[in-house]
Amino acid sequence: MSVMQYPSNLLKPVLDYLKKLEADLLKRKKSIDREDPFADSSRLNDNASDDTEAAEQDGHARAEALSAETKLALAKVRSAMERVDKGEYGKCVKCGQMVDTDRLGIDPTAELCLTCAKAQAGK
Ligand SMILES: [Zn+2]
């Protein structure tokens with residue numbers, strides 16, 4: 001049996017989708033960073049009340065969590081794009097088996113086949 005490859009006629013739309021996803025995530029990250037109260041350098045000079053201070057702490061924590069989440073999603077998208085480049089897209093990064101196309105249809109950045117994903121989840 002020859003080495004299996006993700007059908008090349010399906011790679012183009014996948015890559016287009018990944019590029020769009022990357023652009024969306026970058027946009028999202030920018031707006032999150034902008035909303036982070038700590039990103040506003042003018043606050044260093046203000047005499048904010050304790051209430052404002054607490055609200056800013058909250059906003060900062062939320063922005064940071066969202067930003068980390070977005071960064072993680074970006075890394076996944078970029079690693080999927082890299083696999084498209086290398087002709088390894090659609091292969092499980094752990095065992096090298098083809099990832100189920102249904103699975104990739106739901107999450108085009110999926111790195112693991114169902115078996116490995118289950119093993120990783122400890123089930
Ligand atoms: Zn696997």
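A: Seven salt bridges turn up when the whole structure is searched, a salt bridge being a side-chain nitrogen of Lys or Arg within 4 Å of a carboxyl oxygen of Asp or Glu. The model is a predicted one, in which local features need pLDDT of at least 70 and side-chain atom pairs count only at pLDDT 80 or more, while totals for chains, interfaces and linings use all residues. Residues are numbered from 1 along each chain as its sequence is written, and side-chain values use heavy atoms, with hydrogens and water left out.

One of the seven salt bridges joins Arg78 to Glu22, with 2.7 Å between the closest N and O atoms. Arg78 belongs to helix 2 (residues 50-86) and Glu22 to helix 1 (residues 8-35), so this pair links distant parts of the chain, 56 residues apart. Helices here are DSSP runs (H or I, at least four residues), numbered from the N terminus. Glu22 is buried, at 18% relative accessibility, whereas Arg78 is partly exposed, at 39%. Buried means under 20% relative accessible area, exposed over 50%, and partly exposed in between, with a 1.4 Å probe and protein chains only.

A salt bridge also forms between Glu69 and Arg28, at 3.8 Å from N to O. Because Glu69 lies in helix 2 and Arg28 in helix 1, the pair ties together parts that are 41 residues apart in sequence. Arg28 is partly exposed, with 37% relative accessibility.

Another salt bridge brings together the side chains of Lys76 and Asp107, 3.4 Å from N to O. Lys76 is in helix 2 and Asp107 in the loop between helix 3 (101-106) and helix 4 (114-121), so the pair ties together parts that are 31 residues apart in sequence. Both residues are partly exposed: Lys76 at 33% and Asp107 at 26%.

The metal site comes next. Cys92, Cys95, Cys113 and Cys116 coordinate the zinc ion through their SG atoms, at 2.3 Å. Donors are N, O and S atoms within 2.8 Å of the metal (3.2 Å for Na, K and Ca), and sites may look incomplete because water is not among the atoms. The spacing of the donor residues in sequence is C-x2-C-x17-C-x2-C. The arrangement is tetrahedral because the four donor atoms subtend angles of 106 to 117° around the zinc ion; four donors count as tetrahedral if all angles lie between 85 and 135 degrees.

Note on methods
Helices (H or I, at least four residues) and strands (E, at least two) are DSSP runs, numbered from the N terminus. Four donors count as tetrahedral if all angles lie between 85 and 135 degrees; four count as square planar and six as octahedral if opposite donors are over 155 degrees apart and all others between 65 and 115; anything else is irregular.
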